[in-house]
Amino acid sequence: MAQVSKDITIGELIMIDEGVIPILLAAGMHCLGCPASQLESLEEAAMVHGMDSDELVETINEYLETK
């Protein structure tokens, strides 16, 4: 599985693997069903939620490596 970057949109990320949804929810991103959130980059979403996008990308990529 290719690694993702913080430039990927939330919508694209979920299409790659829906298993990332619990990771995003645990990080405080509870608005995944919002149409606008689907077009946000992972970096933009992290910024809005006051989190470090690099840490979030690392967590997601660690998960994807286990697939």
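The numbered points below comment on a predicted model of a protein.

1. Confidence. The predictor assigns the protein an average pLDDT of 91, and 99% of the residues score at least 70. Among the helices, helix 4 has the highest confidence, with a mean of 96, while helix 1 has the lowest, with a mean of 92.

2. Secondary structure. The protein contains four helices and zero strands. Read from the N terminus, the order of elements is therefore simply α-α-α-α.

3. Overall dimensions. The radius of gyration is 11 Å, and the globule rule gives 11 Å for 67 residues, so the protein is as compact as a globular protein of that length. Taken along the principal axes, the box filled by the C-alpha atoms is roughly 30 × 20 × 20 Å.

4. Surface and burial. About 4,000 Å² of the protein is accessible surface, and carbon and sulfur atoms account for 56% of that area. Of the 67 residues, 36% count as buried.

5. Contacts along the chain. Consider the contacts between residues at least 6 apart in sequence: 63% of them join residues at least 24 apart.

6. The largest nonpolar core. This core has 17 residues, and those that touch the most other members are Leu13, Leu24, Leu42, Leu56 and Ile60. Two or more residues are given to the core by each of helix 1 (10-16), helix 2 (21-26), helix 3 (42-48) and helix 4. Helix 4 supplies the largest share, namely four residues.

7. Leu13 within the core. Which residues does Leu13 contact, leaving aside its neighbours within four places in sequence? They are Val4, Ile8, Val20, Leu24, Leu42 and Ile60. Of these partners, Leu24, Leu42 and Ile60 are also listed with Leu13 among the core residues that touch the most other members.

8. Ser53. This residue lies in helix 4, which spans residues 53-65. Is Ser53 buried or exposed? Its relative accessible area is 9%, and because the limit for burial is 20%, Ser53 is classed as buried. If residues up to four places away in sequence are not counted, Ser53 touches Lys6, Glu43 and Ala46. Between Ser53 and Ala2 there is a separation of 51 residues in sequence, and their C-alpha atoms are 18 Å apart in space.

9. Asn61. Helix 4 also holds Asn61. The relative accessible area of Asn61 is 7%, so this residue too is buried. Apart from residues up to four places away in sequence, Asn61 touches Gln3 and Val4. Val4 is also one of the residues in contact with Leu13.

10. The cysteines. A disulfide is a covalent bond between the sulfur atoms of two cysteines. The structure holds zero disulfides. Cys31 takes part in no disulfide, and the nearest cysteine sulfur to it belongs to Cys34, at 6.0 Å.

Conventions. Residues numbered from 1 in each chain as written. Predicted model: local features only at pLDDT ≥ 70, side-chain atom pairs only at ≥ 80, totals over all residues. Heavy atoms only, no water. Buried < 20%, exposed > 50% of the residue type's maximum accessible area, 1.4 Å probe, protein only. Contact = heavy atoms within 4.5 Å. Core = buried A, V, L, I, M, F, W, Y, C linked by side-chain atoms within 4.5 Å. Rg over C-alpha atoms; globule rule 2.2 N^0.38 Å. Areas by Shrake-Rupley, 256 points an atom, 1.4 Å probe, with all protein chains shown as cover. Disulfide = S-S within 2.5 Å. pLDDT = per-residue confidence, 0-100.
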